[in-house]
Amino acid sequence: MDSLALEQARGWVAEARQIFVLTGAGISAESGVPTFRDALTGLWERFDPEELATEEAYRRQPALVWQWYQHRRELVAAARPNPAHHALAVLARLKSMTLVTQNIDGLHQKAGSEQVVELHGNLFANKWLDGCGRCDTVPPIPGDPPRCAICGAMMRPGVVWFGEDLPRVARFRADHAAESCDLCLVVGTSGLVYPAAALPGVAKENGARVIVVNPKPSALDETADIVLPAPAGECLPLLWPQAV
Ligand code: APR
């Protein structure tokens, strides 16, 4: 990593009055959570996650998609936050900051971050698909999604699938954070999925400096004033003092 760029980024963090942080799957990679577009192993290697993460896929193959989410729940439940998650929890105590994540793994919260804006929902939440409003579960057949005892509706994971709107309050808070920050720190996202990927551009248009942390090139490099090409768990703890 270029030490001059690192020094400059440290200075910008120190000077910033309002920080907007946008994280993606890459920040959890060092916790052992595969990034969204990584090939999955074993049972799931034949499936493209993007093809499973739609309502249409769920209606077509509910047991398969439900089991895929159960598999991810088990994997994520065992994961621990890494130094990047911890560093952001520290930063929030040093600075005025909004943490917006595309991740559904809850690792920021496990590291002690509060008021995390979850743009894509949470892996451990459930909701009803076509529910009757009075839905009540019956014990599920193993492997199948639970169904409502009254109307037969299926339960579905409480995450945002492709083609769905973002949760309204999260969207509002993220837009506001992007519009009102003077520093935007983007960590571990490919910058390919909208509307989240548009937020750093909004910050920049409103005059903010933009720092991208990602060991590989991303679609947001063009928006960045500084790119720090390093793993988040190594890079973030170098950007601000860790003792509070
Ligand atoms: N530190 C920082 N970044 C990393 C690390 C690391 N240790 N390891 C990998 N990365 C980067 C990769 O280089 C890649 O650019 O993390 C990025 C992960 O990209 P994606 O898998 O596309 O994840 P993300 O950008 O969060 O995806 C956005 O897409 O499928 C949807 O809803 C899903 O929230 C997800 C959204």
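Which residues does the UniProt annotation "binding site" cover? In the unreviewed entry, they are Y69 and R72; such annotations may be inferred rather than shown by experiment, and positions follow the numbering used here, with feature names shortened.

This is a predicted model, where local features need pLDDT of at least 70, side-chain atom pairs count only at pLDDT 80 or more, and totals for chains, interfaces and linings use all residues. Residues are numbered from 1 along each chain as its sequence is written, and side-chain values use heavy atoms, leaving out hydrogens and water.

**View 1. Y69 in its helix.** Y69 sits in helix α4 (residues 62-77); helices are DSSP runs (H or I, at least four residues), strands are E runs of at least two, and both are numbered from the N terminus. Y69 counts as buried because its relative accessibility is 2% (buried means under 20% relative accessible area, with a 1.4 Å probe and protein chains only). Beyond residues up to four places away in sequence, Y69 touches A53, L123, P157, V159 and W161 (contact means heavy atoms within 4.5 Å).

**View 2. R72, also in helix α4.** R72 is buried too, at 17% relative accessible area. Leaving aside neighbours within four places in sequence, R72 meets F36, I104 and L123.

**View 3. The largest nonpolar core.** This core has 30 residues; a nonpolar core is a set of buried Ala, Val, Leu, Ile, Met, Phe, Trp, Tyr and Cys residues joined through side-chain atoms within 4.5 Å. Elements giving two or more residues to this core include α1 (3-15), β1 (19-23) and α5 (83-94). W240 is among the residues with the most contacts inside the core. Not counting residues up to four places away in sequence, W240 touches V13, A87, L88, V90, L91, L94 and L185.

How values were computed. Buried means under 20% relative accessible area, exposed over 50%, partly exposed in between (1.4 Å probe, protein chains only).
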